[in-house]
Amino acid sequence: GDEYIIVDGGSTDGSIERVQKNLPKSVRFLHDSGGGMYDAIATGFEQSEKPIMAWLNASDIYLRNALNHVRDAFAKTNAELLYFDNLYISENSQVIQRSRGNVWNVMASIRAGWSPLQDGCFWTRDAYNRCGKVSCEYKHAGDYDYFLRAFQKSEVKYIPEIVSCFRRHSGQLSSEISKYKA
């Protein structure tokens with residue numbers, strides 16, 4: 001019963017051709033107008049009809065049974081937004097470190113610049129509609145902007161378990177941003 005939508009926001013690295021070659025018929029593939037990554041993500045959410053939402057960037061992965069675990073966590077809590085720990089992995093899938101979400105005060109931490117990694121976050125359609133959609137205004141911080149609003153306007157629950165991996169690789173937007181931090 002899951003719904004998978006892949007939206008190409010203008011990839012030029014050959015990944016789209018590789019994906020389309022092995023794509024199951026149950027997965028919808030959309031080409032975005034070229035408005036960038038967050039425009040593509042927003043397009044996917046607008047096309048989705050399911051009550052629980054999330055996004056996974058092209059090189060990130062969910063661990064085996066992760067989505068079943070997420071469904072169970074929603075069923076056991078009154079949360080509208082769940083966030084989990086996850087792993088940073090290298091280009092060749094070696095674990096670099098664990099990213100933990102047990103911050104001392106989640107809203108103060110987000111306001112100070114911390115953000116959970118998007119691959120470990122899941123939310124309800126109601127929360128998405130209430131907090132405002134993913135903004136296309138920010139080239140590098142659309143996820144931070146979305147989570148700032150979503151964490152403020154949703155019933156949030158942290159689950160200290162790992163469901164996903166965030167892959168570090170060359171050419172990654174977050175790697176490019178960190179070059180400019182002193």
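**Reading contacts in a predicted model**

Guide: Start with K133, which counts as partly exposed at 38% relative accessibility. Buried means under 20% relative accessible area, exposed over 50%, and partly exposed in between (1.4 Å probe, protein chains only). This is a predicted model, where local features need pLDDT of at least 70, side-chain atom pairs count only at pLDDT 80 or more, and totals for chains, interfaces and linings use all residues. Residues are numbered from 1 along each chain as its sequence is written, and side-chain values use heavy atoms, with hydrogens and water left out.

Visitor: Which side chain does K133 meet in a salt bridge?

Guide: First, the rule: a side-chain nitrogen of Lys or Arg lies within 4 Å of a carboxyl oxygen of Asp or Glu. Here K133 meets E46, at 3.7 Å from N to O.

Visitor: How many salt bridges are found in the whole structure?

Guide: The search finds 6. One of them joins R98 and D85, with the closest N and O atoms 2.8 Å apart. R98 is partly exposed, at 33%. D85 is buried, at 0%.

Visitor: How many residues apart are R149 and D145 in helix α6?

Guide: They are 4 residues apart, about one turn of the helix. Their side chains form a salt bridge, 2.8 Å from N to O. R149 and D145 are both buried.

Visitor: How is a pair of aromatic rings described?

Guide: By the distance of the centres and the angle of the planes. Rings of Phe, Tyr and Trp (its six-membered ring) pair if their centres lie within 6.5 Å; planes under 30 degrees apart are stacked, over 60 edge-to-face, and the rest tilted. The count here is 16 aromatic pairs. Take W123 and Y146: their pair is tilted, 5.1 Å centre to centre, with 50° between the planes. W123 lies in strand β7 (residues 121-124) and Y146 in helix α6 (residues 142-153), so the pair ties together parts 23 residues apart in sequence. Both W123 and Y146 are buried. Ring pairs also link a cluster, with F45, W55, Y83 and W114 among its members.

Visitor: Which residues line the largest cavity?

Guide: On a 1 Å grid over the protein atoms alone, a cavity is a set of points where a 1.4 Å probe fits but cannot get out; lining residues have an atom within 4 Å of a point. The lining includes Y83, D85, R100, W114 and L117. Strand β5 (residues 81-89) gives the most, with 4 residues. The space is about 50 Å³, counted as that filled by probe spheres set on the points, which are joined across faces, edges and corners. The structure holds 1 cavity of 30 Å³ or more.

Visitor: Is S109 buried or exposed?

Guide: S109 is buried, with a relative accessible area of 9%. Helix α4 (residues 106-111) holds S109. Contact means heavy atoms within 4.5 Å. Neighbours within four places in sequence aside, S109 is in contact with V103, W104 and W114.

Technical notes
Helices (H or I, at least four residues) and strands (E, at least two) are DSSP runs, numbered from the N terminus. On a 1 Å grid over the protein atoms alone, a cavity is a set of points where a 1.4 Å probe fits but cannot get out, and a pocket is an open set with protein on both sides within 12 Å along at least five of seven lines; lining residues have an atom within 4 Å of a point.
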